[in-house]
Amino acid sequence: MAEKNKIIQDISLLYELSLLVGSTLDPVENCHSFLRTLVTRKSLTFGSVWLNRPDINKDTTGLKLFYIFPGHRQGDIYADAAHWMASAMGERPYLNVPYHAHGFENLIQEKKVGKGSYAIFKLGNLGYLKLFAENRPEGFQIYELEQLTQVIEKLSVSLDGSFAHAQLKEETERRVIAQTQMESLISNLKVGILLENEQRVISLVNKTFCEIFGINEGPHALIGRDCDNCSQLSKHLFSDAEAFVEGIDAAIANRRMIESEVLLLSDGRILERDSIPIFTAGQYHGHLWQYRDVTEKHYAQVALRESEEKYRGVLENMELGLVEVTLDEVIIRHNNAFCQMLGYEPYELIGRSGFDLILTQRSKDFMAQLVEDRKKGLSGVYEIQLIKKDGSTMWSMVSGAPVKNAQGQTIGTIGILFDLTNRIKLETELAEAKQAADRARLAERQFLTHMSHEIRTPINAVIGMTHLLYDTQPDQTQREYLDSLSFSAESLLAIVDDILDLSKIEAGEIEFEQKPFDLGYLIKSLHQTFQYKIQSKPVQFTYDIDPAIVNFVTGDRTHLNQILTNLLSNAVKFTEQGAISIAAKLLERREDLMYIQFTVTDTGIGIAENKLELIFQNFKQADIQVSRKYGGTGLGLTIVKQLVELQGGSILVESQVDKGSRFSVVLPFTDSKVAINSSEALSKHDFLPNGNRLKNKHFLVVEDNQVNQMLICKTIQSWEGTFEVANHGKEALELTAREKFDVILMDIHMPELDGFETTRVLRADSSNQNCQVPVIALTAVAMPEEKRRALEVGMNGFLTKPYAPHLLEAYIVDAIQNQKNPIEYTENEPSVAPFEEINLSYLTELAKGDETFLRDIIHTYCVETPPLLAKLQACLTTNDWEQMGKVVHQLKSNYTMFGMEALRKKAIQLETDIKSGRCEALRLKSAVEWLIEETGRLLPKLTNKLL
């Protein structure tokens with residue numbers, strides 16, 4: 001009975017494999033379906049396809065690993081044409097190689113394998129198919145190999161057809177593109193084109209020709225007509241009709257090229273005509289005629305000649321110096337102002353070399369390059385130093401231009417000079433001062449930027465591990481520790497994010513938010529955080545909050561936290577024993593305005609009285625020994641002082657050496673009129689996790705990128721929510737018409753219908769049950785105009801990808817609670833360690849230990865990316881900037897998720913250039929080719945991250 005079942009299973013497998021063969025013209029998909037079924041049903045370890053087709057191995061001979069299942073190919077793997085596998089096969093259709101057989105170890109190892117057996121089958125002239133089974137150390141059964149031989153031969157035929165189809169498709173596309181480009185070129189030429197064959201029948205004409213001759217019919221209507229008859233019908237347009245016809249007849253008879261023949265029309269227009277006979281191997285095949293309307297050019301030249309005469313007298317008498325020289329720099333003309341500027345008499349300059357007479361040695365080197373530019377016909381404006389007759393020097397601004405003869409050949413240079421001596425002296429002094437200031441400012445910004453990046457990486461690790469620890473069901477004590485850790489890490493991250501505030505302040509870019517928060521909770525959290533930091537020191541840390549502060553205060557909590565953290569950090573750093581305290585006191589109330597004083601006191605090393613003002617300066621500390629012993633950048637108090645003053649507050653410091661310091665900050669806040677005790681949960685909302693607030697919520701995910709779909713759906717699953725996925729706006733509208741959702745997560749840039757239009761249509765359709773459902777925009781573009789447009793069409797929030805799950809959760813909760821009041825957007829780009837090609841920290845945090853999810857998303861990216869790169873290359877070939885922008889936008893989002901920082905920056909620049917219309921072909925070609933090459937290089941490295 002078992003033998004009978006085995007036979008039935010084999011027949012079923014062969015039938016299934018036969019059905020799979022040829023089901024697709026994609027060779028990769030063909031191999032995938034075949035090997036997946038064969039390996040799974042036969043309980044094999046893996047199967048692989050090796051090919052020797054020329055279009056597969058363009059730069060090598062022998063065999064190349066084309067596909068393997070299961071698993072991913074790690075780079076390109078080759079086998080020499082004389083390899084044992086190829087030579088051992090001979091004319092056999094298959095080869096059975098058990099573990100103990102000679103040559104087993106010499107087989108190309110796609111993967112590391114143990115004991116088992118190989119079965120190798122010929123794929124016609126294409127190559128070989130290899131199967132490996134760990135559970136068959138003694139080899140495959142002969143009847144089994146015989147059965148598989150027939151179906152594998154069908155696979156060989158199918159693959160051969162797939163490759164032939166791909167090649168034919170590629171060649172057809174190239175021909176269509178070439179024909180389209182040629183037709184477009186001729187159609188858009190600004191020159192009238194007419195092509196006649198040897199029988200004088202029109203075979204080609206373009207739109208410009210019809211426009212020049214006033215022909216109302218389209219170009220295609222003229223094809224096939226007699227050219228001689230057409231010229232007779234058009235001769236009335238010319239002032240000398242007979243000469244027009246005779247010129248055509250003479251050109252046909254002589255069969256010689258005629259260029260730029262001038263023709264006058266009755267209406268005053270002027271044409272230039274080229275007559276080009278067409279010969280192939282000495283055989284005459286017709287004539288090509290080109291007509292150009294040069295009316296404007298002709299009258300412009302006439303006007304120019306008149307203008308030259310008109311202004312010649314002006315140039316002779318103006319105060320600007322004028323000089324004309326030959327290509328050898330010999331002076332042949334000048335005006336009076338030029339002579340007076342240099343102190344020469346007119347007769348002393350004519351025929352003299354300007355190089356030797358009036359140029360300094362430094363100016364001669366500079367002018368040598370300009371002379372070459374003039375010979376090329378290039379103009380320019382420059383400043384140069386000249387020598388006057390008395391030996392003194394002067395600075396002059398020169399506007400130089402080439403002088404050309406009637407044939408358009410450059411024969412010299414003309415220059416107009418303006419005396420800049422006094423202005424150059426002043427500008428030199430100012431430039432030296434500015435350079436010194438710029439160097440100082442650049443050094444400052446570089447330091448701040450470097451410090452921000454260096455600190456951000458470990459902070460992100462702390463935050464990520466804290467999120468993971470929250471998911472381990474900690475007890476109450478552990479949760480309190482995690483709460484403090486989370487608060488501290490988030491606070492520190494906020495400080496690092498704003499550590500460049502100094503530069504923002506100088507540029508006037510700093511912004512302060514006005515939101516209600518619990519001041520007491522902020523002070524308590526700071527106390528708890530810094531309490532841990534002084535556990536190893538004999539230091540007592542206390543806090544005091546004025547009981548008069550009973551309501552939430554409205555102000556900028558983030559910058560207040562930054563200010564107090566800086567002050568407390570200094571207190572902890574410089575206090576080895578004694579006490580540290582922080583206090584908040586209500587100093588004054590003016591209606592709803594509250595002036596609150598924050599005091600940080602310590603018993604540390606103190607500050608000398610003559611150094612108190614120095615501590616608020618950039619990169620300054622009270623004593624160089626302090627910096628060496630305690631470290632620090634000297635920026636903290638500088639940022640604190642400016643943040644306080646920009647909010648209309650003040651900061652004072654009192655200190656004595658070896659006795660301690662007292663920093664006092666006074667800031668204005670608005671009374672929110674919301675009691676703290678009545679809204680205790682709200683006070684923690686901004687700091688602590690709020691449990692699963694989105695459980696059982698039903699989401700609509702509108703996203704065309706499969707990788708992004710997987711990320712969003714993974715996040716929703718972690719909230720215990722449900723979801724539906726739409727690949728573009730049209731699918732989303734169809735789903736909303738059938739099904740009720742709680743929240744819609746909307747991508748902006750999609751095919752078919754983008755996020756803006758989808759939201760606008762949804763909001764306008766009152767019959768749609770989801771017309772008022774909150775819509776959150778999730779996009780990789782954070783341009784201000786896109787954010788404004790998102791809110792204008794009715795979206796409730798705007799979040800940039802990739803997002804932190806807790807931040808997205810907060811957005812969704814706020815949107816549900818305040819559907820009619822759109823929330824502000826934020827940028828949530830993940831941090832990537834400098835010089836790291838790939839950084840999976842963001843995806844690792846999101847996966848929360850789910851290795852299968854991480855592998856799936858990397859596999860999806862590796863499968864989706866090569867077609868996108870091919871599409872990008874095609875766009876580059878056809879100069880399809882619009883489509884190229886869409887592809888780059890799609891790639892950019894994935895680069896960010898996988899921590900490919902260099903590629904992300906290049907994609908951002910490319911997308912910006914394309915959107916702004918800066919589509920210089922050569923520059924974009926270089927950038928796109930680099931993007932394609934680097935992406936292809938990193939794909940194998942990304943796969944290696946899972947091994």
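Start with helices H22 and H23, which are roughly parallel to each other, because their axes cross at roughly 25° and angles under 35 degrees count as roughly parallel. The model on screen is a predicted one.

**Stop 1: H22 and H23**

Select residues 729-738 for H22 and residues 755-764 for H23. The two axes come within 9 Å. H22 passes H23 in a right-handed crossing. To see where they touch, show the side chains of Gly729, Ala732, Leu733 and Thr736 in H22, then those of Thr758, Val761 and Leu762 in H23. By class, this contact has four nonpolar residues, three polar and no charged.

**Stop 2: H7 and H8**

Next, select residues 227-234, which form helix H7, and residues 241-254, which form helix H8. Here the axes come within 9 Å and cross at roughly 160°. H7 is therefore roughly antiparallel to H8, since the cut-off for that label is an angle over 145 degrees. The crossing of H7 and H8 is right-handed. On the H7 side, pick out Asp228, Ser231 and Gln232; on the H8 side, their partners are Phe244, Val245, Ile248 and Asp249. The contact of H7 with H8 divides into three nonpolar, two polar and two charged residues.

**Stop 3: the largest cavity**

How many cavities of 30 Å³ or more does the structure hold? There are six. The largest cavity has a volume of about 270 Å³. To find it, select Val323, Val325, Glu329, Met367 and Tyr382, which are the closest to its centre among the 21 residues that line it. Then colour the elements that each give two or more residues to this lining: strand S12 (321-326), helices H11 (354-358) and H12 (361-375), and strands S14 (380-387), S15 (393-404) and S16 (410-419). The lining of the largest cavity comprises 15 nonpolar, four polar and two charged residues.

**Stop 4: glutamate 329**

Keep glutamate 329 selected and look at its backbone. Glutamate 329 is not a glycine, yet its phi is positive, about 65°. This residue sits in the loop between S12 and strand S13 (331-334). Glu329 is also one of the residues closest to the centre of the largest cavity.

**Stop 5: proline 70**

Finally, select phenylalanine 69 and proline 70. What kind of peptide bond joins phenylalanine 69 and proline 70? The bond is cis, with omega about -5°. Proline 70 lies in the loop between strand S2 (63-69) and strand S3 (78-79).

Methods. Residues are numbered from 1 along each chain as its sequence is written. This is a predicted model: local features need pLDDT of at least 70, side-chain atom pairs count only at pLDDT 80 or more; totals for chains, interfaces and linings use all residues. Side-chain values use heavy atoms; hydrogens and water are left out. On a 1 Å grid over the protein atoms alone, a cavity is a set of points where a 1.4 Å probe fits but cannot get out, and a pocket is an open set with protein on both sides within 12 Å along at least five of seven lines; lining residues have an atom within 4 Å of a point. Grid points are joined across faces, edges and corners, and a volume is the space filled by probe spheres set on the points. Helices (H or I, at least four residues) and strands (E, at least two) are DSSP runs, numbered from the N terminus. Ala, Val, Leu, Ile, Met, Phe, Trp, Tyr, Cys and Pro count as nonpolar, Asp, Glu, Lys and Arg as charged, and the others, Gly among them, as polar. Axes are lines fitted to C-alpha atoms, for helices over the stretch in contact, and angles run from 0 to 180 degrees between N-to-C directions. Angles under 35 degrees count as roughly parallel, over 145 as roughly antiparallel, 65 to 115 as roughly perpendicular and the rest as oblique. A crossing is left-handed if the near helix is turned anticlockwise from the far one by less than a right angle, and right-handed if clockwise. Contact means heavy atoms within 4.5 Å.
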